[in-house]
Amino acid sequence: MSEQSTPAHVAAVVQGREVEDFPELAPEASRGRVRRITVTGEEVLHRRNAEVPEQMWGGRELHQLVDDMFVTMYAAEGVGLAGNQVGVDLRLFVYDCPDDDGVRHVGHVVNPVLDERDPDEAVEVDSEGCLSVPGPHADLGRAATATVRGVDRDGNPVVVSGSGYFARCLQHETDHTMGRLYVDRLSARERKRVLKKMNEMANDVFARREERAAQLAEEFAG
């Protein structure tokens with residue numbers, strides 16, 4: 001999910017738990033390498049991905065994947081990134097996203113399951129973008145609150161809840177693991193407009209990502 005302007009952070013909630021202090025970038029990023037982000041139309045983005053098997057939990061491969069996803073998300077200046085967005089057919093996502101109160105939420109969820117929405121709950125319409133639809137945004141209705149359940153990369157249970165913009169992020173990223181992009185929820189006319197705009201903006205977006213990736217490499221090397 002792509003970023004929006006946000007108020008100053010007032011606290012940090014990491015893996016669903018409050019912490020007193022947290023660095024500007026999640027520590028995982030310094031151990032990762034930037035991967036290519038897939039773009040709408042690529043097959044891995046448009047189908048439900050495979051569950052992360054238990055034999056991968058706690059293993060080096062899954063740990064490295066999470067590290068790579070964090071630094072890739074930061075290089076693209078996003079607030080969330082799913083496994084299929086780096087071309088991996090596995091259900092997981094990472095996030096570093098504020099809620100509407102400016103509280104920063106950071107973590108990852110493996111095999112996420114989104115709680116069903118109460119039909120009486122409010123739906124909020126707001127601007128939404130996606131790193132796999134580089135450039136444009138569109139207004140989209142999402143539930144005002146969301147809870148996702150899963151495990152972390154070591155297999156420990158995780159429950160993450162949020163409201164406002166962070167709730168939107170949780171829904172957006174869980175959608176990715178099910179093979180659905182935000183543009184799939186738009187009307188045909190609006191989807192056509194967004195994809196046309198994406199084609200106009202994509203090259204500039206890719207250039208900014210390469211520049212940011214180089215900056216991060218220098219920061220971590222130093």
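The legends below describe several close-up views of a predicted model.

View 1. Strand β4 runs over residues 92-98 and is mostly covered, with 7 of its 7 residues buried. Leu92, Val94, Asp96 and Pro98 point one way from this strand, while Phe93, Tyr95 and Cys97 point the other way, and the residues of both sets are all buried.

View 2. Strand β3, which covers residues 80-82, pairs with β4 in the antiparallel sense, and the pairing runs over 3 bridges. Within this pairing, Leu81 has Val94 of β4 as its bridge partner, and Val94 belongs to the set that points one way from β4 together with Leu92, Asp96 and Pro98. Strand β5, which covers residues 104-114, also pairs with β4 in the antiparallel sense, here over 7 bridges. In that pairing, Asp96 stands opposite Val106 of β5.

View 3. On the surface, Asp100 gathers with Asp101, Glu124, Asp126 and Asp139 in a patch of negative charge.

**View 4. Salt bridges around Asp175.** Side chains of opposite charge can pair when their charged atoms come close. The side chains of Arg142 and Asp175 meet in a salt bridge, at 3.0 Å from N to O. This pair links distant parts of the chain, with Arg142 in strand β7 (residues 133-143) and Asp175 in helix α2 (residues 164-177), 33 residues apart. Arg142 counts as buried because its relative accessibility is 5%, and Asp175 likewise counts as buried, at 11% relative accessibility. Asp175 also forms a salt bridge with Arg185, in which the closest N and O atoms are 2.8 Å apart. This second pair again links distant parts of the chain, from Asp175 in helix α2 to Arg185 in the loop between α2 and α3 (188-221), 10 residues apart. Arg185 is partly exposed, since its relative accessible area is 38%. Glu128, Arg142, Arg168, Asp175 and Arg185 are linked in a network of salt bridges.

**View 5. The salt bridge of Arg47 and Glu43.** Another of the salt bridges brings together the side chains of Arg47 and Glu43, at 2.4 Å from N to O. Arg47 counts as partly exposed because its relative accessibility is 28%.

View 6. Gln15 is not a glycine, although it has a positive phi of about 55 degrees. Its place is in the loop between β1 (12-14) and β2 (17-19), and Gln15 is buried because its relative accessible area is 16%. Asn111 is likewise not a glycine and has a positive phi of about 55 degrees. Asn111, however, is found in strand β5, the strand that pairs with β4 in the antiparallel sense. With a relative accessible area of 12%, Asn111 is buried.

**View 7. Separations along the chain and in space.** Pro23 lies in the loop between β2 and α1 (60-75) and counts as partly exposed, because its relative accessibility is 40%. Pro23 and Ala12 are 11 residues apart in sequence, and their C-alpha atoms are 9.7 Å apart in space. Val158 counts as buried because its relative accessibility is 4%. The C-alpha atoms of Val158 and Ala207 are separated by 36 Å, and the two residues lie 49 residues apart along the chain.

Methods:
Residues are numbered from 1 along each chain as its sequence is written. This is a predicted model: local features need pLDDT of at least 70, side-chain atom pairs count only at pLDDT 80 or more; totals for chains, interfaces and linings use all residues. Side-chain values use heavy atoms; hydrogens and water are left out. Buried means under 20% relative accessible area, exposed over 50%, partly exposed in between (1.4 Å probe, protein chains only). Helices (H or I, at least four residues) and strands (E, at least two) are DSSP runs, numbered from the N terminus. Two strands pair if DSSP finds at least two bridges between them. Patches are made of residues with over 30% relative accessible area and no salt bridge: like charges are joined within 9 Å, nonpolar side chains (Val, Leu, Ile, Met, Phe, Trp, Tyr) within 5 Å. Accessible areas come from the Shrake-Rupley method with a 1.4 Å probe; for residues, only the protein chains shown count as cover. A salt bridge is a side-chain nitrogen of Lys or Arg within 4 Å of a carboxyl oxygen of Asp or Glu. Lys and Arg count as positive and Asp and Glu as negative; His and the chain ends are not counted. The place of a charge is taken as NZ of Lys, CZ of Arg, CG of Asp or CD of Glu.
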